[in-house]
Amino acid sequence: MMTNPAMNRVLTTPILIVFGLAYMVPLGIFTTYGQVTVLSHGHLPIAYVITLIMIFFTALSYCRMSTFLPLSGSAYSYTQRTFGPVIGFSVGWVQILDYLFLPIVNYVVLGLYLHEAFPAIPAWSFILGALVSVTALNYIGVRLITPINLFLIALQIIFIGLFIILSMKGADLSPANLIEPLNPSGSDMGGLFSGAAVLCLAFLGFDAIATMAEETKDASKTLPRAIMLTVAIAGAIFLIISFFANVSYPEWQDFLEVDKQDTASLDVINRIGEASNFGGKLLSDLFLATYLTGVYASAMTSQTSVSRILFAMGREGVLPRKIFYNLHPRFHTPHLALVCVAAFSLISLFIPLSLVASMISFGALVAFTAVNACVIKSHLFTQAKENYNLKGFLSFGLLPLIGMCLTTWLWINLDIHAMTIGLLWFVLGISYLIYITKFFKHPIPEIGHDEIDEIIRAREEDEAEEQTA
């Protein structure tokens, strides 16, 4: 095993944006369309606006921390270095919850939809095929999956353009109908916040970008730029699609039954196809083909991200170093971590989609809250003399505090099942932490700390040499 494994720095701003958008799945809005449309009483665009506001403040905090600590591990690495190994491990452990189950969601969706399209072929064969191919592509390296992601995103963008054109052709564009999705009443606010808590998962791509820090050229500049551009592009896509979908199908009461919520997107697509004389079934077939390719792209990027978090936790010694802090000698990818993720993902062969979905929200919002807190601690208190001015209090105090309050508010609006499973996972992590501190002689703060400093110094020296050259 290499003494100090180092990943290849090959990622640039455009590649990271493609990675983030592939992770988010531009058409992924339709996965939770029925659920959040009902929660918001037909005001899905407003729910996205609320989520986007929270994400904006949190994304700024990710930019600050990725500049300060350009390390793999995202929220885990930031918290570990800012608040110490115990809190860092706790956040990293909870963060793993949503990252481990995001690829599983994609595999389950692929199995369900492809089995519906080809009933003679069992769903498990589609799931297994997707899992093996995604793992193989990630095993070779992120450079290879970039053109694949770009192609799959391009297909989704083309379909989104067609969706908008046909919506404008077939929908009722009267002023009253256009205003309705943007005009909630006071009684709708509770549902809007609950819906916004669900929708925050649609923006996890910017967090995934942060996990690629050690494979990014000039990470302290490239990462913040990629994070904010990804949030802006994805936010615009989600707002536009949700608006035209609500305008085209304003009868949100049709989706009150849970079973109808799962297929609400197909009802919307069918109506748009029929109203525009394009053909409901033809548009539905195009939607399914494009959506499933996007889901496949998301499976690739989500497996990439969780392997990087496991790599960072292996470096810190809180997970077995021989397995997780190990890079392939040729491809320089965390190959053993990827294999472990693939092995865990085998539960997608039998776990129901509804159960997987309930396990994701908890970890995302905990990570967002922690990163906002890291900015305040690391920039305003640790470097107090440098930032004791109006600009410092605004950038490193007020803005992350607003983000922290918003993420906490959405966290308490989570579904009770997500809260229960998340808390049980947290207790399991604390039990594991007690075990490793009891049976290992050296305390966690000393494990891997010097190596991180060495990695940061080496990166700074390499980037300085590249700029000089």
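Me: What should I know about the model and its numbering before I start?
Reply: Residues are numbered from 1 along each chain as its sequence is written. The model is predicted, so local features need pLDDT of at least 70, side-chain atom pairs count only at pLDDT 80 or more, totals for chains, interfaces and linings use all residues, and side-chain values use heavy atoms, without hydrogens and water.

Me: How many helices and strands are there in the chain?
Reply: Helices (H or I, at least four residues) and strands (E, at least two) are DSSP runs, numbered from the N terminus. This chain has 22 helices and 0 strands.

Me: What share of the residues counts as buried?
Reply: Buried means under 20% relative accessible area, exposed over 50%, and partly exposed in between (1.4 Å probe, protein chains only). Here 56% of the 469 residues count as buried.

Me: Which residues have the most contacts inside the largest nonpolar core?
Reply: A nonpolar core is a set of buried Ala, Val, Leu, Ile, Met, Phe, Trp, Tyr and Cys residues joined through side-chain atoms within 4.5 Å. The largest one has 133 residues, and those with the most contacts inside it are Phe30, Tyr62, Phe101, Phe163, Phe203, Phe206 and Phe238. Helix α5 (residues 85-117) gives the most to this core, with 16 residues.

Me: What is phenylalanine 206 in contact with, leaving aside its neighbours within four places in sequence?
Reply: Contact means heavy atoms within 4.5 Å. For phenylalanine 206 the partners beyond those neighbours are Met24, Ile55, Thr58, Ala59, Tyr62, Ile227, Val231 and Phe368.

Me: Which residues form a nonpolar patch on the surface?
Reply: Patch residues have over 30% relative accessible area and no salt bridge; like charges are joined within 9 Å, nonpolar side chains (Val, Leu, Ile, Met, Phe, Trp, Tyr) within 5 Å. A salt bridge is a side-chain nitrogen of Lys or Arg within 4 Å of a carboxyl oxygen of Asp or Glu. Trp124, Leu128, Val132, Leu346, Leu349 and Phe350 form such a patch, with about 600 Å² of accessible area together (Shrake-Rupley method, 1.4 Å probe; for residues, only the protein chains shown count as cover). Leucine 128 sits in helix α6 (residues 123-140) and counts as partly exposed, at 32% relative accessibility.

Me: What is the phi of valine 25 and of histidine 41?
Reply: Most residues other than glycine have a negative phi. Valine 25 has a positive phi of about 65°; this residue is in the loop between α1 (13-24) and α2 (33-39) and is buried, at 5% relative accessibility. Histidine 41 also has a positive phi, of about 55°. Histidine 41 lies in the loop between α2 and α3 (44-68) and is partly exposed, at 31% relative accessibility.
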